[in-house]
Amino acid sequence: MAVESSIPSPAINPTDEKFAKALQFIEEMTKNCDQVQERVLSEILSQNSDTEYLRRFSLGGATDRNTFKTRVPVVKYEDLQPEILRIANGDRSPILSSRPISEFLTSSGTSAGERKLMPTISDEMDRRQKLYSLLMPVMNLYVPDLDKGKGLYFLFIKAETKTPSGLVARPVLTSYYKSEQFKTRPYDPYNVYTSPDEAILCCDSYQSMYAQMLCGLVMRHEVLRVGAVFASGLLRAIRFLEVNWRHLAHDIASGALNQRITDRSIRDRMSEILCRPDPALAEFITKECEGENWEGIIKRIWPNTKYLEVIVTGAMAQYIPLLDFYSGGLPQACTMYASSECYFGLNLRPMTKPEEVSYTIMPNMGYFEFIPHEDGDEEKSSYPPRQQLVELADVEVGKEYELVVTTYSGLSRYRVGDILRVTRFYNSAPEFKFIRRKNVLLNIDADKTDESELQKAVENAAVLLAEFGASVVEYTSFADTGSIPGHYVIYWELFVKDPDSIAPTREIMEKCCLIMEESMNSVYRQCRVADNSVGPLEIRVVKKGTFEEVMDYAISRGASINQYKAPRCVSFTPIVELLDSRVLSAHFSPAAPRWTPDRRI
């Protein structure tokens, strides 16, 4: 299917030769989508033909789609985990990839409470860099003169570990920021950051954020775009400014860096940036930040900002109203679609409204297949028939699919877990709207908590209620993003055997909160402890009969009484308001859960 034949409505012509070549590359890839996919699969199967994994399926050197789809199964992480753990523990034989595994990329998804390990090869960094190189040529079509200023992007590295084999395991963006491709990147006037590399590469999140915010303030008139990876990350930066503006203004007024910043590389670099006192700027920062009106603060402090660059699709859509508030309604650009497993594609219309964002999967990045998806499919068979999967070029507009990827690094027919809806075609390449992660209930930042994890956490915490003759009769949850950082709210309805018995004390309820947090996966606990991107978990105890009222409300709106199940997560405003109107008491976790960057292998 071909619907559109060129990138629509450019603001300017791409006069830069490099940009013109990038746009031509996009045209070639999307016009020949199916042929490119056929070539990519052939390359992957040829490259990895001698691997232990592919030899199991007796491909006999075949590199065609039919043989591949007939013989190679669709898999989840747990199916590949034994092979992945062998690599992590030091087996250097060609298990999944014929090329040496260079490192593991840790997914935000978890298995048995630990981050998933995604093996990768060094060639993949070049493939990711290629996709990055396409972003600005596309943006340049819509927003002119981005080479006349800088980007204030809040970028961070996260904790990394080494597996027993010595291979490093870290998030994909940490891998990129620490790569030679990033650290030795040539000067590009379209991609100049206010944040120095020394600040981005500092593993202390407070010192990194402080330095990046200070640089952004000093260079406020040069800033043309403001961003972070996720919307939650940008809001966290604004909250940091709310809390720390006095220290930042003092540094600017004195021309000297706060002594709390002890990282030597940051101090040396900041001595070049914060080289003289600027009392006028310090006075301006004080005037803007000391009051209670923070509406439009981004546009007020960085007046030349043309747009925000953040991910606001999927669960991040909950932050759109706050971004509108703080930015004064600046456009919110989502530029690319990627994961630890594979970088997928980009948004060819980056200035569309957040609710209209679609991503074009670039057929050169991997081999992509799609499992048709309908509501309720999570409860059906986990493994679809091998031949049921749909090719990239054959998906249908309006239908939803689960994404399956085969990569050069050795993942074969791997279920990523993303649910996508086809919105249109660009040339012969489909464009997808990200709908959600499969089986994810709660999500504030990088955390992803599913129903089974939440259930286990509730069970572990409810043990403390036994001595009071109480138990949790029903529960649900809510991702509260009304504050920064957001936090999990768990609604409990309790059953008490003896109405005259002593109710669980506030101390016990707070311990329940902490036990729930201790029971969460390592990604959640890292967000709480190291990243400070998720706030303390809250339990709200509701009146007896509250969940019956929730059921009555659902039935009044058409739900079947025979099939009704209490939702384990709510977001519909009337339901949240109903629950909140029945709250008897609220309790917060009194401390941070235990977390260490070390992982179990």
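Select Phe25 to start: Phe25 sits in helix H1 (residues 17-31). Helices here are DSSP runs of H or I with at least four residues, strands are E runs of at least two, and both are numbered from the N terminus. This is a predicted model, where local features need pLDDT of at least 70, side-chain atom pairs count only at pLDDT 80 or more, and totals for chains, interfaces and linings use all residues. Residues are numbered from 1 along each chain as its sequence is written, and side-chain values use heavy atoms, with hydrogens and water left out.

Is Phe25 buried or exposed? Phe25 is buried, with a relative accessible area of 18%; the cut-offs are under 20% for buried, over 50% for exposed and partly exposed in between, with a 1.4 Å probe and protein chains only. Show what surrounds the side chain: skipping neighbours within four places in sequence, Phe25 is in contact with Lys130, Leu134, Met362 and Asn364, where contact means heavy atoms within 4.5 Å. For a sense of scale, draw a line from the C-alpha of Phe25 to that of Asn304: they are 279 residues apart along the chain and separated by 31 Å.

Next, the eight-stranded sheet. Colour the strands in the order S9-S10-S11-S16-S15-S14-S12-S13, an open sheet with antiparallel pairing; two strands pair if DSSP finds at least two bridges between them. Strand S9 (336-338) and strand S13 (390-391) are at the edges with a single partner strand each, so one side of each has no neighbour in the sheet. Zoom in on S13: strand S12 (residues 367-373) pairs with S13 in the antiparallel sense over two bridges, and Glu369 has Glu391 in S13 as its bridge partner.

Helix H2 (residues 33-47) lies across S12, strand S14 (400-406) and strand S16 (429-437), running at about 110 degrees to S12. Those angles run from 0 to 180 degrees between N-to-C directions, with axes as lines fitted to C-alpha atoms, for helices over the stretch in contact. H6 lies across S9 and strand S10 (343-346), at about 10 degrees to S10.

The whole structure holds 21 aromatic pairs; rings of Phe, Tyr and Trp (its six-membered ring) pair if their centres lie within 6.5 Å, and planes under 30 degrees apart count as stacked, over 60 as edge-to-face and the rest as tilted. Pick Tyr132 and Tyr176, a stacked pair at 4.6 Å centre to centre with 25 degrees between the planes. Tyr132 belongs to helix H6 (residues 123-142) and Tyr176 to helix H7 (residues 172-177), so the pair ties together parts that are 44 residues apart in sequence. Both Tyr132 and Tyr176 are buried.

Which helices hold the next pair, Tyr206 and Phe240? Tyr206 is in helix H10 and Phe240 in helix H11 (residues 231-254), 34 residues apart, so to speak a link between distant parts of the chain. Tyr206 is buried at a relative accessible area of 18%, and Phe240 counts as buried at 11% relative accessibility.

Keep H10 on screen and bring in H12. The axes of helix H10 (residues 205-218) and helix H12 (residues 264-273) come within 11 Å and cross at roughly 10 degrees. That makes the two helices, H10 and H12, roughly parallel.

Finish on Ala462 in helix H16: leaving aside neighbours within four places in sequence, Ala462 is in contact with Val472 and Trp492.

Technical notes
Angles under 35 degrees count as roughly parallel, over 145 as roughly antiparallel, 65 to 115 as roughly perpendicular and the rest as oblique.
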